[in-house]
Amino acid sequence: MIDLLASRSYFLVAFLLSGIGTYMLIGNGNLIKKVIGMNVFQTGIFLFFIASAFVKGGSPPLLTAPEPYVSPLPHVLILTAIVVGVSLTAVALGLIVRIYDVYGSLDAAEIEVVADE
Amino acid sequence: MSDLPAMLVAFPMLFSVLVLLAGLVRQDSGWPVAAVGAAVQVVAAAVLANRAFEETVTYVVGGFSAPFGIELVVDGLSATMAVLVAVVALAVLAYSRVAGPRSNAFYAVYLLLVGGLTGMSITGDIFNMYVFLEITGLAAYALVASGEGGRSALAALKYLIVGTIGASLFLLGIGYAYVATGTLNMADLSAQLLEVGYGDPLVQASFALLVIGLFVKVAVFPLHAWQPDAYAGAPDSVSAFISALVSTVAAYALIRIVFTVFTIDFLQANPEARSLLAAGAVVSIVFGSVLAVSQTEIKRMLAYSSVSQFGLVVGAVAVANETALLGATIHLVGHAVMKGGLFLAAGLIATATGARTVDDYAGLVQRLPLGAGAFGALVLGMVGVPPAVGFVGKWYVALGAVEAESWPLAVVILASTLLTLAYFARILERMFFREPASTDAGSAQVSLGMKATVVVAALAAVVLGMLAFEYGQLLEPTVAELLA
């Protein structure tokens, strides 16, 4: 386990970044900051994917097949995941606008008090 | 018609755009176009299922053959899900013509959700499954928010945040599996994972992340928090549609991940993996029921009931033998029909009499015999009274647990029937044996489509129960292959 983490230290960084994102998500009362936390959390995972494709001294197989070559697949996948992430953020912000119109606040605790009445 | 699997995903999305375009020409053309789309989907799914039950249909997308390109694989289990999605979508659409949110944007998102769910059911590529999972999620968040007022927007935001965390964990699990094997095709993954070794921490971590990510989407107990708010905050037709399908297809994905990607040998090599599934199942069944008993609002109670019922399905996955998996599939279909029907019936009752809490249901049979009758029949089916489909599913799952000699799980599964009775009995008692409450706020008109859908759901719960044994025989080769 230790060997694995030593050779793949980006695992830890990805986890740390996702952890910070999760903390923002839970710890912040402000809805907008919650969405930012969600983005940080996702970014941690995206970076994990991209880092996993790194090969020392490698280059992308564009016209020739270099040795060693870097697999372009993770980048393509993350491009898709980023698009998904952008759509999610857009929907979340749209919902927050609706919530602000109704309750006049962006603070989760305050909204809960108003919503329960 | 060899392109049928791809068409099955493309049709709803195409019609989703058509709804918006038709809405530009004539404001009220949204519903007819959406209905045509849903009907086409039913026919296409039925034709495909007819072929898939004979032999597994595979389709290569865009000419890039597997394991490099995306592959669509339709076996008996996927075909069941595709047909279920199409049929429930058409039925709820019939209900929502008068009852539901009635904008063209609503119908467009509705069809998008159908496309996402169908895609999840028939894809053979694990990253493709993530994309469809997110399409499903996005459409579901938007639909939950389609109710009036702030409550539905709040519920949708909560659903969005929790759902995104679940989907992101799923994505991280895919990442681990990809780092370990370098492939994303499900069939290829199962072969490559065996080569890497089931004891490899990467493979184990990947399993844990994929399963926990899906636990969020299925709403297994400690990860269920989004679900009651989302179901209770959404408009009636939306809660029926989402409760019937979204968690169901996520549970299907769980079966796919556990048995197609990781295979039963992985479960045998890692007892902890099986414990994770069994623990989720037991906690969900017990706490879902306990929380359901303490609810006063009908829709919230039905939502907690879903937590408990999906515990049963996860339990069947943990048992992992043919009988239990057969039971899980039948219960998935049965739960979709009955729970969707219950939400529709609750919506019908609320529209006709204004009753939304358990106490409001007192003496309902005298005020609204049709609604009370359908609700009662569906409740009995849910509890597991034969010949309803709820009985057959639970029976097979329990039998599977006994066969596998996993006694603690078997006891909980058998007890789940009593637990289900615990929260439904008080409604039955109020509906049929109490004097009517005086809060008669009967206002809105109940349409023929609403009544018909509720009655059809109640009848389907009984008829499916009678057909379940024959369906079980049809599905047997697929289940045997899953466990091979």
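Does B:R430 count as buried or exposed, and at what relative accessibility? In this predicted model, B:R430 counts as buried, at 16% relative accessibility, the cut-off for that class being under 20%. The side chain of B:R430 forms a salt bridge with B:D359, with the closest N and O atoms 3.2 Å apart. B:D359 is located in the loop between α14 (322-353) and α15 (364-367) of chain B, whereas B:R430 belongs to helix α18 (residues 407-433) of chain B, so this pair ties together parts that are 71 residues apart in sequence.

Over all chains, the structure holds 8 salt bridges. Side chains of opposite charge can pair when their charged atoms come close. Another of these pairs consists of B:E297 and B:R151, whose side chains meet at 3.4 Å, N to O.

The N to O distance in the salt bridge between B:K158 and B:D229 is 2.9 Å. B:K158 counts as partly exposed, with a relative accessibility of 36%. Through shared partners, salt bridges join B:K158, B:D229 and B:R300 into one network.

The contact between the two chains was examined next. In chain B, 32 residues are in contact with 36 residues of chain A. The two chains bury about 2900 Å² between them, and 84% of this area lies on carbon and sulfur atoms. Across the interface of chain B and chain A, 0 salt bridges are found, while 3 residue pairs are in polar contact, with both residues at pLDDT 80 or more. On the side of chain B that touches chain A, α5 (126-144), α6 and α8 (201-218) each supply at least two residues. The largest share of that side, 21 residues, comes from α6(B). By residue class, the side of chain B that touches chain A divides into 23 nonpolar, 7 polar and 2 charged residues.

Conventions. Residues are numbered from 1 along each chain as its sequence is written. Chains are lettered from A and ligands numbered from 1 in the order in which they are written. This is a predicted model: local features need pLDDT of at least 70, side-chain atom pairs count only at pLDDT 80 or more; totals for chains, interfaces and linings use all residues. Side-chain values use heavy atoms; hydrogens and water are left out. A salt bridge is a side-chain nitrogen of Lys or Arg within 4 Å of a carboxyl oxygen of Asp or Glu. Buried means under 20% relative accessible area, exposed over 50%, partly exposed in between (1.4 Å probe, protein chains only). Helices (H or I, at least four residues) and strands (E, at least two) are DSSP runs, numbered from the N terminus. Contact means heavy atoms within 4.5 Å. Buried area is the accessible area (1.4 Å probe) that two parts lose on being put together, summed over both. A polar contact is a pair of N or O atoms within 3.5 Å; within protein, one must be able to donate a hydrogen and the other to accept it, and residues adjacent in sequence count only if both atoms are side-chain atoms. Ala, Val, Leu, Ile, Met, Phe, Trp, Tyr, Cys and Pro count as nonpolar, Asp, Glu, Lys and Arg as charged, and the others, Gly among them, as polar.
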